[in-house]
Amino acid sequence: MKTLADLLLLGDPRLYEKCEPVLQTDIPLVPGWVADMDNVMQEIRAKYNFGRAIAAPQLGIMKRLIYMNIDKPTVFINPEFTWLSDEKFELWDDCMSFPNLLVKVASHQKLTIKYLDDDWQPQEWHMEGDLAELMQHEYDHLEGILCISRAVDPKAFKWRL
């Protein structure tokens, strides 16, 4: 079982790599990956009081897999955005890979995402507001992009108090 000690931190070159798709042959591995992601997210919540989702590459699993647990656990396998709104909003974003740093970013207000669930069934979800921002943040991890690269300006950084 992966723990907080396995979380990749800012500066690890793997955080800047684009992830490979999850293949059907990987399906037997997905429950273990999700259990690891859930465990680390629970440890982040206990230590830092935040954490609603985590992307597989944050644990060195270089696959297109996102785990979200807000009201219920949800697994996103090979997610793709099918629509992003033109309207954006700014917010202070945080990341488990640098938990004490906040970064002001601009995110799309709304989006539609298609993905496979943990039963390998196609799904689609329209998200708005903070949920849309959260999904954009996690999706960026799959692309090797960190929110520090999306800062609205050079002064858009502050320490979490």
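This is a predicted model: local features need pLDDT of at least 70, side-chain atom pairs count only at pLDDT 80 or more; totals for chains, interfaces and linings use all residues.
Biologist: Which residues does UniProt place in the feature "binding site"?

Modeller: The unreviewed UniProt entry gives Cys95, His137 and His141. They are spread over 47 residues of sequence. Yet they cluster in space, with a largest C-alpha distance of 10.2 Å. Of these residues, the lining of the largest pocket includes His137.

Biologist: Where in the fold is His137?

Modeller: His137 sits in helix 2, residues 129–142. His141 lies in helix 2 as well.

Biologist: Why is His137 called buried?

Modeller: Its relative accessible area is 9%. Buried means under 20%. The value 9% falls under that cut-off, so His137 is buried.

Biologist: And what makes His141 buried?

Modeller: The cut-off is again under 20%. His141 has a relative accessible area of 2%, so His141 counts as buried.

Biologist: What does His137 contact, leaving aside neighbours within four places in sequence?

Modeller: His137 is in contact with Asp93, Asp94, Cys95 and Cys147. Contact means heavy atoms within 4.5 Å.

Biologist: Why is the pair of His137 and Asp93 called a polar contact?

Modeller: Their side chains pair at 2.7 Å. A polar contact needs N or O atoms within 3.5 Å, one able to donate a hydrogen and the other to accept it. The distance of 2.7 Å is within 3.5 Å, so the pair meets the distance cut-off.

Biologist: Which residues does His141 touch, not counting those up to four places away in sequence?

Modeller: His141 touches Glu17, Cys19, Ala55, Pro57, Gln58, Cys95 and Leu146. Cys95 is also among the contacts of His137.

Terms used
Residues are numbered from 1 along each chain as its sequence is written. Side-chain values use heavy atoms; hydrogens and water are left out. UniProt positions are given in the numbering used here, feature names are shortened, and annotations may be inferred rather than shown by experiment. On a 1 Å grid over the protein atoms alone, a cavity is a set of points where a 1.4 Å probe fits but cannot get out, and a pocket is an open set with protein on both sides within 12 Å along at least five of seven lines; lining residues have an atom within 4 Å of a point. Helices (H or I, at least four residues) and strands (E, at least two) are DSSP runs, numbered from the N terminus. Buried means under 20% relative accessible area, exposed over 50%, partly exposed in between (1.4 Å probe, protein chains only).
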